[in-house]
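Thanks for passing this one along. Here are my notes as numbered points, to be read with the model open beside them.

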Amino acid sequence: MLKKSKVYITVLLFVLCMLCGCAKRTEVKNDDSFIYSVNGERNGLVKINYDFRGKTTEEQVNNVIKELQKPAEEINYSTTIPKQIKIQQCEIRHMIVYIDLNDAYLKLPVVEQKLILASMTQSIVKIPKISAIYVTVDGEELKDDKGNPAGIINEDDFVQNNGSSLSSYEETELALYFANESGDKLVKQNVQVKYSTNTSKEKLIVEKLMHGPQDESVHPTISSTCTLLSVTVKDNICYVNFDSEFLASAHDIKPEITIYSIVNSLIEGTAVNKVQIMVNGEKNVLYMNTIDLSQPLQQDLDLIQHAEE
């Protein structure tokens, strides 16, 4: 009789759970911790509840990857990384996760490849101290649709379409800081720009600084030969990552003018309060043997040239 009672209780609890509706992993609330998985139709991404676990960054990265490999628990999402895709290597260097996949990845349809890449990227960069990923296949650098190296990939490379057009454009005014004629002060220029809503404002600001000023009365601050690898934001800090060409200044200006043209423009034009400039993902850099870039930098208003000067 006691055994029957236990069975009845178990069945009753199961029925109550079904009637009340157990919380689904895809029911992510505003304050919930989550990662991105491929949806059930495998034509987009969906948020799923996930508690980041691990004492170290390495453990957290490995746990996220394992989660993306697990079979889905609901029909609203599916396994991001299918069984045939193997993670052959995974290591962290300077806030970037380097992942090597087997060639089964390249045998998938292009849309499937992009979904897996987007899910991995946008899930992994949610981990503190991680800003991007770099993917290789059997040791060879991943290529984009045009055959160009994909390079360092961050969340800005993917668009979460919430009903708006992917090709929509907006106009805005940017406050950009360039160098004065002497190269020892910053001059503020208000520039009207039209930009794709797929581009973050932080990335837009850095790109416009790299293009140089529209007004000939001021001078560019960033070498035109350098490449912008990534721009990401985490905990109100903007991480700007250039290649090594950034270190070779092509302009006759003081080193601090180059650095704070970036810092001041980003802090004034966005919600970030600090800027971390990196070179090839490395923070321990001394720019032009003068400016220490090992820590995030705050705005420097003393470098700004005012109208009366």
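1. S11 and S12 are antiparallel neighbours joined by six bridges; strands, like helices, are DSSP runs numbered from the N terminus (E, at least two residues, for strands; H or I, at least four, for helices), and two strands count as paired if DSSP finds at least two bridges between them. Thr232 sits opposite Tyr239 of S12, and Lys234 has Ile237 as its bridge partner there. The model is a predicted one, in which local features need pLDDT of at least 70 and side-chain atom pairs count only at pLDDT 80 or more, while totals for chains, interfaces and linings use all residues. Residues are numbered from 1 along each chain as its sequence is written, and side-chain values use heavy atoms, with hydrogens and water left out.

2. Asp235 is not a glycine, and it lies in the loop from strand S11 (228–234) to strand S12 (237–242). With a relative accessible area of 65%, Asp235 is exposed (over 50%; buried is under 20% and partly exposed in between, with a 1.4 Å probe and protein chains only). Met288 is another non-glycine residue with a positive phi, near 50°. It belongs to the loop between strand S14 (286–287) and strand S15 (291–292) and is partly exposed at 36% relative accessibility.

3. Now for the whole sheet. It is open, with three strands in the order S11-S12-S13 and mixed pairing. S11 and strand S13 (274–279) are the edge strands, each with a single partner, so one side of each has no neighbour in the sheet. On average, neighbouring strands are turned by 15° against each other, direction ignored (axes are lines fitted to C-alpha atoms, for helices over the stretch in contact, and angles run from 0 to 180 degrees between N-to-C directions). S12 and S13 are parallel and share six bridges, with Ile237 standing opposite Lys274 of S13.

4. Where do the side chains of S12 point? Ile237, Tyr239 and Asn241 face one way and Cys238, Val240 and Phe242 the other, and all are buried. Because six of its six residues are buried, S12 is largely enclosed by the rest of the structure.

5. Helix H4 (residues 201–211) lies across S11 and S12, at about 145° to S11. H5 packs on the sheet too, touching S12 and S13, and its direction makes about 140° with that of S13. Within H5 (residues 255–269) is Ser261, buried at 0% relative accessibility. Apart from neighbours within four places in sequence, Ser261 is in contact with Tyr177, Leu186, Leu209 and Thr221 (contact means heavy atoms within 4.5 Å).

6. Helix H3 (residues 110–124) is well covered elsewhere in the model: 12 of its 15 residues are buried, among them Leu115, Ile116, Leu117 and Met120. The cover includes strand S1 (34–39), strand S2 (45–49), helix H2 (57–69) and strand S5 (96–101). From first C-alpha to last, H3 reaches 21 Å, close to the expected 21 Å (1.5 Å times one less than its number of residues).

7. For electrostatics, the count is six salt bridges (a side-chain nitrogen of Lys or Arg within 4 Å of a carboxyl oxygen of Asp or Glu). Glu73 pairs with Arg25, the closest N and O atoms being 3.5 Å apart. Glu73 lies in the loop between H2 and strand S3 (77–78) and Arg25 in the loop between helix H1 (2–20) and S1, so the pair ties together parts 48 residues apart in sequence. Glu73 is exposed at 57% relative accessibility, whereas Arg25 is buried at 14%. Lys70 and Glu67 also meet in a salt bridge, at 3.3 Å from N to O, as do Arg93 and Glu91 at 2.7 Å. Salt bridges with shared partners join Arg25, Glu67, Lys70 and Glu73 into one network.

8. Finally, some totals. The protein has five helices and 15 strands, and 44% of its 309 residues are buried. Of the contacts with a separation of 6 or more, 61% are between residues 24 or more positions apart.
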